[in-house]
Amino acid sequence: MSKHYETSILETPFVKPDAYGALNFPVYYSAAYGFDTAKATSDAFAGRSMEHAYSRISNPTTQYLERRIQQWTGALSVTALDTGMAAISYALTALAGKDVNIVASKHLFGNSVSFLRDTLGSFGVETRFVDTRNLQEVEAAIDDHTGGLFFEVITNPQLYVADIQGLANIAHRHGVPLLADTTVVPFSTFHAKDFGVDIELVSSTKYISGGATGLGGLILDYGTFDYSQSPNPVLQKLTKRAGKRAAFTARIKTELITNLGAAMVPQVAYMETLGLETLQLRFQRQAGTTLWLAKQCQQIPEIKKVNYTGLEDNPYYELSKKQFGPLPGAVFTIDLESREACFRFIDNLKVFRRATNLFDHKSLAIHPASTIFVHFNAEEKAAMDVSENTIRLSIGLEEPEDLLEDIKQAVK
């Protein structure tokens, strides 16, 4: 594997040679695949061969996307699903269970909170929400029945930064795997495994798709955790068949992806495979513009606060730089004097699009409290530090000066 991202991605070999010598891996639009013998069919379904049987289980185009990411990251396995929320829900479902709790950050994307609290909660799974910036609080929440510790490396929209290695040390000391949603900073530049992350979760809808052309999610299992320590009896049983460090992957690949049916479709996998090729180039441009814009916004009197962890006066600057380098993502937030001022600002924008999502080629603006977190009441939003005065800006590929002028005219 090359130590350079673009070379590693572009030089990932096909699993099988293409019949026509195509340079881009083809889109395999097929639900099922034929076999020469009954035994070959049986071997594919039983997992005794790597052949594809049915696209709900695996698809050649999707497999190639997974293979490219696996080659660069060194993950034991990569599983591509149809949304980022599917990746989160599959991973947490694989670890949780009856009498098996999850410890999670209280500063999560709204639907992640809802999935843990409402969906898993309705099945009797307890989630203990903690402030992952407080390592003592995290450690106190973990017990012998904890199945996993879940957090976001940079929270959305608060932009809090956790001490990843500190969380990993606590989790591993208690025999618990560490799960990180790393969507804000792509794996082309941030190597989660180096900081002790066992399972990395990514919304590939964001940076990877390249222009928000399709929905997707990824589970990267680094094979670094011994699941014989897990309180989950299903994972314990799987260690005997798949091995101590592959039990999680085995459950994802042989049970959940088959039973829950959220496999990534091949057309999206094809587009995201192409997106991988320009990922780092686009990220450097977008994140570089973000840092410049954040600094410029600090000079605008009407903006009460600018929040970006790449700014030297940000309280998380040193930790952010240590973990993510000088460009920690392509999103920042601004605070205005009121919710009404935020709405006026958003309505006045001419270049920024009024839309959700992150890291599109186009720059996007949204008021998180009234959109992403609209189904949480005022007390719940306050507990998650979601302010009515905050606007989230996702920065695209437009000319930086044009974006600055748009912010200036909108705020005035």
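Predicted model: local features only at pLDDT ≥ 70, side-chain atom pairs only at ≥ 80, totals over all residues.
Residues are numbered from 1 along each chain as its sequence is written, and side-chain values use heavy atoms, with hydrogens and water left out.

**Aromatic rings**

- A search of the whole structure turns up 13 aromatic pairs (rings of Phe, Tyr and Trp, the last by its six-membered ring, with centres within 6.5 Å; planes under 30 degrees apart are stacked, over 60 edge-to-face, the rest tilted).
- One of them is Phe14 with Tyr64, an edge-to-face pair at 5.1 Å centre to centre and 85° between the planes.
- Phe14 and Tyr64 are both buried (under 20% relative accessible area, with a 1.4 Å probe and protein chains only).
- Phe225 and Tyr227 also pair edge-to-face, with 4.8 Å between centres and 70° between planes, and both are buried.

**A charge over a ring**

- Arg133 has its charged end over the ring of Tyr160, 3.9 Å from the ring's centre (the rule: NZ of Lys or CZ of Arg within 6 Å of the ring centre and within 35 degrees of the ring normal).

**Lining of the largest pocket**

- Its residues split into 14 nonpolar, 13 polar and 5 charged (Ala, Val, Leu, Ile, Met, Phe, Trp, Tyr, Cys and Pro are nonpolar; Asp, Glu, Lys and Arg charged; the others, Gly among them, polar).

Technical notes:
Buried < 20%, exposed > 50% of the residue type's maximum accessible area, 1.4 Å probe, protein only.
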